[in-house]
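Hello,

Here is the structure you asked for. Please open it and keep it beside this email as you read.

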Amino acid sequence: MVMSYDNYESSRHSGSPIKLFLFKGTQNIGHFAFCDGETPFTRDGITYQPWPIKHDDINNSGNLDKADLTVTLALGTDLDALFVAYPSSQVINLTIFEGHIGDVNIPANYPAIWVGRTGGANFNGNELEITCDPVSTSIRRPGLRRMYQIGCPHVLYGDQCQANKAAATSSRIASAISGRNISLSVALPGPVERFVGGLIEWDDPATGWHEMRTIVKINPAGTMVTIRGIPKGLSITQTVTVARGCDRQMTGCNQHSNIFNYGGQPFIPLENPLSQKNQFY
């Protein structure tokens, strides 16, 4: 049995296309749903609000070099706050569905035509331009991810690292905020250099979204951290959690009591059998 979607697609006059854009966070920011129609549209229990939104041409050539997709929408939605001054702390997935107004409202008649995730964003006049990567770009990295290297390639606190994040995390109160500097009510446990490259996290009380930033510097007293980006949604007297970083060397792994999961090869010989110096290490 041919679906009615195919009938609309092949029709010369009956088609009335509509596209649905579903932005969905990987944690607790919920979803943002828009359509390019004139009235709200519901698909699979989600209501898509009409809004000026479009995307550029979808590349189906099989070449991933030009597979990025730019979605442009008018300012004025809650989505704007995710990209103001600093990108979102979590992955925002995007799915675009396409169907025809008047077709039977079942998910099969409004299939997904593009799936990926958002990247950078640009505010251009009264529009928000979001660059998105298709899900297929995850296969762009051929071969093994790990290289023969001295440093550890594992994601800190990730599945392969397995360092205990809870044991390396301290809770503090933000006592002052100045630009990218956050002062803490109580000094972090020493040696404080271990927190460089770590994470500071908090919840935005206005939106409920979870924010995190990388620590790029800490003062010798351990009472002030400098972060990458701005502390969006953070206010004085709010609780933050600070997790230690790692220098990707055996010393850093030892500080986490995690040396058995070290992913580097620290004993690479510096001289080859012909007694020629290894120029790479």
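In what order do the nine strands of the open sheet come? The order is β3-β4-β2-β1-β7-β8-β9-β6-β5, and the pairing is mixed. At the edges stand β3 and β5 (53-55). Each has a single partner strand, so one side of each has no neighbour in the sheet. From one strand to the next, the twist averages 30 degrees. Bear in mind that this is a predicted model.

β3 and β4 pair in the antiparallel sense, over three bridges. Arg43 has its bridge partner, Ile46, in β4. The loop between β3 (41-43) and β4 (46-50) holds Asp44.

Next, some backbone details. Most residues other than glycine have a negative phi, and most peptide bonds are trans.

- Asp44 is not a glycine, yet its phi is positive, at about 55 degrees. Asp44 is exposed, because its relative accessible area of 58% is over the 50% cut-off.
- Tyr157 is not a glycine either, and its phi is positive, at about 65 degrees. Find Tyr157 in the loop between β9 (127-134) and β10 (169-178). Its relative accessibility is 16%, under the 20% cut-off, so Tyr157 counts as buried.
- The peptide bond from Gly190 to Pro191 is cis, with omega near -5 degrees. Pro191 sits in the loop between β11 (181-184) and β12 (199-203).

Best wishes

Definitions and conventions: Residues are numbered from 1 along each chain as its sequence is written. This is a predicted model: local features need pLDDT of at least 70, side-chain atom pairs count only at pLDDT 80 or more; totals for chains, interfaces and linings use all residues. Side-chain values use heavy atoms; hydrogens and water are left out. Helices (H or I, at least four residues) and strands (E, at least two) are DSSP runs, numbered from the N terminus. Buried means under 20% relative accessible area, exposed over 50%, partly exposed in between (1.4 Å probe, protein chains only). Two strands pair if DSSP finds at least two bridges between them. Axes are lines fitted to C-alpha atoms, for helices over the stretch in contact, and angles run from 0 to 180 degrees between N-to-C directions.
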